[in-house]
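Please read it alongside the sequence and coordinates.

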Amino acid sequence: VQLQASGGGLVQAGASLRLSCAASGRTFSMAWFRQAPGKEREFVAAIRWSGSSTTYANSVKGRFTISRDNAKNTVYLQMNNLKPEDTAVYYCAASGRGPSSEVGDYDYWGQGTQVTVSS
């Protein structure tokens with residue numbers, strides 16, 4: 001499975017962005033992680049294939065929404081009220097298992113898309 005992420009950019013604090021990740025095939029779970037300079041990759045959000053189960057990092061709850069369009073094999077991350085601390089490279093990931101917040105549980109990774117939030 002190949003993943004292609006897009007939608008990053010430079011925005012001001014309080015703005016919104018929507019990230020997209022297109023998969024070349026069907027996956028059971030998809031997720032977004034992010035990595036800021038000098039920091040480890042961290043979990044952001046995950047969703048089950050059916051869309052019935054989602055999970056979020058505490059730092060983004062209430063601001064970010066993960067969703068998916070199975071007809072397009074695409075997962076989205078709607079990011080609202082962005083903060084400077086959200087600045088990172090965002091990676092989408094896919095797994096044949098249930099949603100997880102662990103990097104090691106994902107088999108496929110996209111190339112990453114940069115999100116920069118200025119104050």
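This is a predicted model: local features need pLDDT of at least 70, side-chain atom pairs count only at pLDDT 80 or more; totals for chains, interfaces and linings use all residues.

1. Four strands form an open sheet in the order 1-3-8-7, and their pairing is antiparallel.

2. Pairings of strand 8. Strand 8 pairs with strand 3 in the antiparallel sense over six bridges, and Leu19 stands opposite Leu77 in strand 8. Strand 8 also pairs with strand 7, again antiparallel and over six bridges; here Phe64 is opposite Met79.

3. Hairpin of strand 7 and strand 8. Four residues lie between these two strands, and Asn73 adopts a positive phi near 50 degrees in this hairpin.

4. Faces of strand 7. Side chains alternate along this strand: Phe64, Ile66 and Arg68 are buried and point to one face.

5. Nonpolar core. The largest nonpolar core comprises 34 residues, and Trp32, Leu77, Met79 and Tyr90 have the most contacts inside it. Strands that each supply at least two residues of this core include strand 4 (29–35), strand 5 (42–48), strand 8 (74–79) and strand 9 (88–95). In soluble globular proteins, nonpolar side chains tend to be buried together. Beyond four places in sequence, Met79 touches several residues, among them Leu17, Leu19, Phe64, Tyr90 and Val115.

6. Asp86. This residue is placed in the loop between strand 8 and strand 9. Is Asp86 buried or exposed? Asp86 is buried, because its relative accessible area of 0% falls under the 20% cut-off. A polar atom of the Asp86 side chain lies 2.8 Å from the backbone nitrogen of Lys83. Residues touching Asp86, not counting those up to four places away in sequence, are Arg34, Arg63, Phe64, Asn81, Val115 and Val117.

7. Gly9. Gly9 belongs to strand 2 (residues 9–12). With a relative accessible area of 23%, Gly9 counts as partly exposed, because that class lies between 20% and 50%. Leaving aside neighbours within four places in sequence, Gly9 is in contact with Leu17, Gln114, Val115 and Thr116. Gly9 and Asp69 are 60 residues apart along the chain, and their C-alpha atoms are separated by 22 Å.

Terms used. Residues are numbered from 1 along each chain as its sequence is written. Side-chain values use heavy atoms; hydrogens and water are left out. Buried means under 20% relative accessible area, exposed over 50%, partly exposed in between (1.4 Å probe, protein chains only). Contact means heavy atoms within 4.5 Å. A nonpolar core is a set of buried Ala, Val, Leu, Ile, Met, Phe, Trp, Tyr and Cys residues joined through side-chain atoms within 4.5 Å. Two strands pair if DSSP finds at least two bridges between them. A polar contact is a pair of N or O atoms within 3.5 Å; within protein, one must be able to donate a hydrogen and the other to accept it, and residues adjacent in sequence count only if both atoms are side-chain atoms.
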